[in-house]
Amino acid sequence: MPLKQPARPKKAAAKKSVKASLAPERIAEILKLLHEAYPDVVCALHHTSAWELTVATILSAQCTDVRVNMVTPALFKQFPTPQAFANAPIEDIEAAIRTTGFYRNKAKSVQGAAKRLLTEFNGAVPKEMDKLLTLPGVARKTANVVLGSWFGIAAGVVVDTHVFRLSHRLGLTQATTPEKVEQDLMKIIPRDHWIQFSHELIHHGRQVCVARKPRCADCTLESLCNAPDKTWSTHS
Ligand code: SF4
């Protein structure tokens, strides 16, 4: 009697479903529907310069953009330039950003970034990913936000908590770290969509595809989504 081989068909089916999820036509449809739903969406963090956006993005770690936007007007009034941040007593920066959480580390990062800008980059935020990554407190997410939203440079895809969650729900990746998710998205999303795609996905994650109980009945992507935690579905 031949031995049973249950694993093979399962693996094959999983491979087929991943392949189907990444089909260029499906990706194009996701991009089209997102853009139709959110044609004008931009970065939610208020800023008037690359430096302000860098600071705001550092502050947004583990904090809502709404909270950051409440803090930054007074912060930039008190410390209007990188020089002002670099020369300030660290306790003053800590006090000004306290409500964003993790304020000691964030104050250290912001002041460290200001000092490095002054010593290495003539006080200007660099436009290159590798240089941005040398600023204290700046990892790929922050660098991608600054490059995309201020300079209009598509060096990568912003992967925040929303992009991470939605990319999995939409079957665009199975990766377990933001860095690997970004690599996967860069392979399947055309480069000229990288900046807008992340803005739109972040907005969709805030408004509709929320972490708990996603609002699938109101979702523009519902017909294309097979997420296991869907709350409503038109297809099996
Ligand atoms: S159908 Fe539901 S789970 Fe899928 S993207 Fe839309 S809101 Fe999220």
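User: What do the buried residues of α6 pack against?
Analyst: They pack against α3, α4, α5 (82-87) and α7 (103-120), where contact means heavy atoms within 4.5 Å. Helices are DSSP runs (H or I, at least four residues), numbered from the N terminus. This is a predicted model, so local features need pLDDT of at least 70 and side-chain atom pairs count only at pLDDT 80 or more, while totals for chains, interfaces and linings use all residues. Residues are numbered from 1 along each chain as its sequence is written, and side-chain values use heavy atoms, with hydrogens and water left out.

User: Which residues in α6 are buried?
Analyst: I93, E94 and I97, in a helix spanning residues 90-97. Buried means under 20% relative accessible area, exposed over 50%, partly exposed in between (1.4 Å probe, protein chains only).

User: Why do they line one face?
Analyst: Down the axis of α6, the buried residues fall within an arc of 100°, so they share one face. That arc is taken over the directions from the helix axis to the C-beta atoms.

User: And F85, what does it touch?
Analyst: Among others W51, V55, L75 and I93, leaving out residues up to four places away in sequence.

User: Switching to T64, where does it lie?
Analyst: T64 is in the loop between α3 (50-59) and α4 (65-78).

User: Is T64 buried or partly exposed?
Analyst: Partly exposed, at 49% relative accessible area. The T64 side chain also reaches the backbone nitrogen of R67 at 3.1 Å.

Technical notes. Helix = DSSP H or I, 4+ residues; strand = E, 2+ residues; numbered from the N terminus. Polar contact = N/O pair within 3.5 Å; in protein donor to acceptor, adjacent residues only side chain to side chain.
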